[in-house]
Amino acid sequence: MDFKRPAFYPDALIVGNRLSEVHPDRYFTTTTIWSLKQQAIVAECKGYIVFQKFDTGKPASLIEAGGPYLALYSQIKDKVERSNKLFAKWQKETPQEEGTTVTRAYHSKWA
């Protein structure tokens with residue numbers, strides 16, 4: 001977790017999550033927390049969510065597991081593909097401020 005600045009009560013926070021990569025046994029996600037009071041990102045977390053076999057604790061391939069897990073993998077993959085297309089479109093259409101990250105430019109424009 002990357003804590004960028006403190007947030008204090010009373011404040012309202014918006015939590016956004018975006019999947020950007022998918023594999024049979026894991027997916028990559030970025031979670032961003034935005035402060036309405038500060039009009040700024042206060043924290044961000046990036047990392048993999050790994051599917052595990054309960055009995056062994058080792059990564060589990062949703063494709064190999066089949067059945068509902070294969071359907072879950074397909075849904076996650078479709079969501080990631082749609083998300084990445086929308087994100088690429090947004091990046092192309094949205095001017096970026098000098099010295100800011102894409103996330104900050106997104107929030108400063110749309111918040």
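This report walks through the confidence, core, ring pairs and charged contacts of a predicted model.

## Ground rules and confidence

Local features here need pLDDT of at least 70 and side-chain atom pairs count only at pLDDT 80 or more, while totals for chains, interfaces and linings use all residues. Numbering runs from 1 along each chain as its sequence is written, and side-chain values use heavy atoms, with hydrogens and water left out.

On pLDDT (the predictor's confidence in each residue, from 0 to 100), the protein chain has a mean of 86, and 86% of its residues reach 70 or more. The stretch to watch is residues 102-111, where pLDDT stays under 50. The model still has 23 contacts for that stretch beyond four places in sequence, a contact being heavy atoms within 4.5 Å. Where pLDDT is low, the predicted coordinates should not be read in detail.

## The nonpolar core

The largest nonpolar core has eight residues: Leu19, Val22, Tyr27, Phe51, Leu62, Tyr73, Ile76 and Val80. Strand E2 (13-23) and helix H2 (67-93) are the elements that give two or more residues to this core, and H2 gives the most, with three. For the cut-offs, a core is a set of buried Ala, Val, Leu, Ile, Met, Phe, Trp, Tyr and Cys residues joined through side-chain atoms within 4.5 Å. Buried means under 20% relative accessible area, exposed over 50% and partly exposed in between, with a 1.4 Å probe and protein chains only. Helices (H or I, at least four residues) and strands (E, at least two) are DSSP runs, numbered from the N terminus.

Tyrosine 27 is a handy place to start looking. Leaving out residues up to four places away in sequence, tyrosine 27 touches Leu19, Glu21, Val22, Gly47, Tyr48, Ile49, Phe51 and Ile76.

## Ring pairs

A search of the whole structure turns up three aromatic pairs. Rings of Phe, Tyr and Trp (its six-membered ring) pair if their centres lie within 6.5 Å; planes under 30 degrees apart count as stacked, over 60 as edge-to-face and the rest as tilted. One of the pairs joins tyrosine 27 and phenylalanine 51, with centres 5.8 Å apart and planes at 50 degrees, so this pair is tilted. It links distant parts of the chain: tyrosine 27 is in strand E3 (residues 26-35) and phenylalanine 51 is in the loop between strand E4 (40-50) and helix H1 (62-65), 24 residues apart. Both residues are buried.

Phenylalanine 87 and tryptophan 90 make a stacked pair, 6.1 Å centre to centre with 15 degrees between the planes. Both sit in helix H2, three residues apart, about one turn of the helix. Phenylalanine 87 is partly exposed at 26% relative accessibility, whereas tryptophan 90 is buried at 12%.

## Charges, over rings and in bridges

Phenylalanine 87 also has the charged end of arginine 18 over its ring, 4.0 Å from the centre. Likewise, arginine 26 lies over the face of tyrosine 48, at 5.9 Å from the ring centre. The test here is NZ of Lys or CZ of Arg within 6 Å of the ring centre and within 35 degrees of the ring normal.

Two salt bridges are counted, each needing a side-chain nitrogen of Lys or Arg within 4 Å of a carboxyl oxygen of Asp or Glu. Arginine 26 bridges to aspartate 25, with the closest N and O atoms 3.1 Å apart. Aspartate 25 is buried at 18%, and arginine 26 is partly exposed at 26%. Lysine 4 and aspartate 2 form a bridge at 2.8 Å, N to O; lysine 4 is partly exposed at 32%, as is aspartate 2 at 39%.
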